[in-house]
Amino acid sequence: MLQLTLMTNLSDSILLNTLNGRPAERPPFWFMRQAGRVLPSYRQLKEKHSFWQLMKDPKLAAQVTLLPVSDLGVDAAILFSDILVVPYALGMGLEFTDQGPVFDTPLAGMDHPERALRPDPSRLDYIYRAIDEIIRTKPASIPLIGFCGAPLTVLCYMLQGLSRKADFPDAIRFIYTHKTITLQLIDAITELSLEYATEQAARGVSVFQLFETHAGLVPQELYMELFMPAVRKIAQRLRDLQVPFIFFPKGLGTGICKLTPDDCDYLGVDWQTSLIQARQMVHREIGLQGNVDPRLLYAPPESILRELDRLIDFGSCNTNWILNLGHGFLPDTPYESACILANWIKETNWKR
Ligand code: CP3
């Protein structure tokens, strides 16, 4: 056993092998929002600690990051943190309440929000300590995925202040009303995100995902004009550091056919989009990730398995595919269903 442990390392990672173009016998898998939510072991920790405590204590953050590896058998760990740590490091007061994250002073109500930001990169230091602890304690063949939020999604929370208004009306109004200031805010988010991503890579994350959960809030032409240049800068930085880059623009719709291999190595496909059509539309050098509907996991086991079986033909023909959800696990997803999904991926004959 000791010998086996010594012999495994990241070159045995099925996720990294797939990302590097080496076909594997099955698709690699991990799940968005796997660290938290669905796991009974996470819920137990949440009874004793707040979300901030779990994030800020490197030992606890490392423990939560690695829970899905032991409990679900996923092929990668994703850093336990949040996309809103960047606005926090830009100087915004942030709380995580039971109803979701809340900023104490949303920017949309200010005349010159760009002047209110006070970037302080040291407000991200606790995350680097967590990464060090994860790298020290993780199984050798399991890569760590780093991440941050993409500029539109992060900006929406900063402007709106509240997560409950899911369509972010004040934020979108601000973007249309104040284009110049919007560009300045995007620059501020992007600069800090570049520094943050660079440091994550330096500490040892070996894959990076950019979460653009709210790409669908603006027309795709506006997205391409205002936000895509910032995405490209972040993509370029990670590529320069030899870190594969996954872009998840949820709701971009037919805009996915405009993406080029300069924009990302892999594209996270949302559950609204047909995976087969995405494969036809997206540049063939871009791999795909996705896109099981997280709500399928509410269905009875036999229905879950029947739906999943439809993926076998796709997985048999497409070796540049990472199996994931089409958005994160929902908080009330039955743990047993998550296990059914994970076990099915490992037990299926992928006919490769
Ligand atoms: O994927 C993972 O498990 C890693 C950790 C992670 C969290 N948030 C932990 C978290 C990641 C990758 C995120 C990303 C994130 N955060 C996104 C993009 C992905 C997505 O799902 O759309 C967004 C939009 C946020 C903002 C955010 N953070 C919201 C809206 C909320 C409240 C609702 C909720 O539970 O998601 C959070 C809090 C948050 N972030 C929790 C966790 C585990 C819940 C804290 C708790 O357990 O009380």
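Biologist: Which of the 22 residues around the ligand come nearest?
Modeller: Arg37, Tyr42, Lys46, Asp82 and His327. Here a residue is near a molecule if one of its heavy atoms lies within 4 Å of it. Keep in mind that this is a predicted model, where local features need pLDDT of at least 70, side-chain atom pairs count only at pLDDT 80 or more, and totals for chains, interfaces and linings use all residues. Residues are numbered from 1 along each chain as its sequence is written, and side-chain values use heavy atoms, with hydrogens and water left out.

Biologist: How far is a polar side-chain atom of Arg37 from an oxygen atom of the ligand?
Modeller: 2.4 Å. Tyr42 also has a side-chain N or O atom 2.6 Å from a ligand oxygen. Ala35 uses a polar backbone atom, 2.8 Å from an oxygen of the ligand. A polar contact is a pair of N or O atoms within 3.5 Å; within protein, one must be able to donate a hydrogen and the other to accept it, and residues adjacent in sequence count only if both atoms are side-chain atoms.

Biologist: What share of the ligand's area does the protein bury?
Modeller: 86% of the 860 Å² that the ligand exposes when taken alone. Those areas come from the Shrake-Rupley method with a 1.4 Å probe; for residues, only the protein chains shown count as cover.

Biologist: Which elements give two or more residues to the shell around the ligand?
Modeller: Helix H3 (40-48) and strand S3 (100-103). Helices (H or I, at least four residues) and strands (E, at least two) are DSSP runs, numbered from the N terminus.

Biologist: New topic. Where does Ser337 lie?
Modeller: In helix H15, residues 335-347. Ser337 has a relative accessible area of 7%, so it counts as buried. Buried means under 20% relative accessible area, exposed over 50%, partly exposed in between (1.4 Å probe, protein chains only). A polar atom of the Ser337 side chain is 3.0 Å from the backbone oxygen of Leu297.

Biologist: And the backbone: which peptide bond is cis, with omega near -20 degrees?
Modeller: The one from Gly290 to Asn291. Asn291 belongs to strand S8, residues 287-292.

Biologist: What about phi at Arg33?
Modeller: Positive, about 65 degrees, although Arg33 is not a glycine. Arg33 is in the loop between helix H2 (14-19) and H3. Its relative accessible area is 42%, so Arg33 is partly exposed.

Biologist: Is Gln242 buried or exposed?
Modeller: Exposed, at a relative accessible area of 69%. Gln242 has a positive phi of about 65 degrees too, and is not a glycine. The loop holding Gln242 runs between helix H11 (220-240) and strand S6 (245-249).
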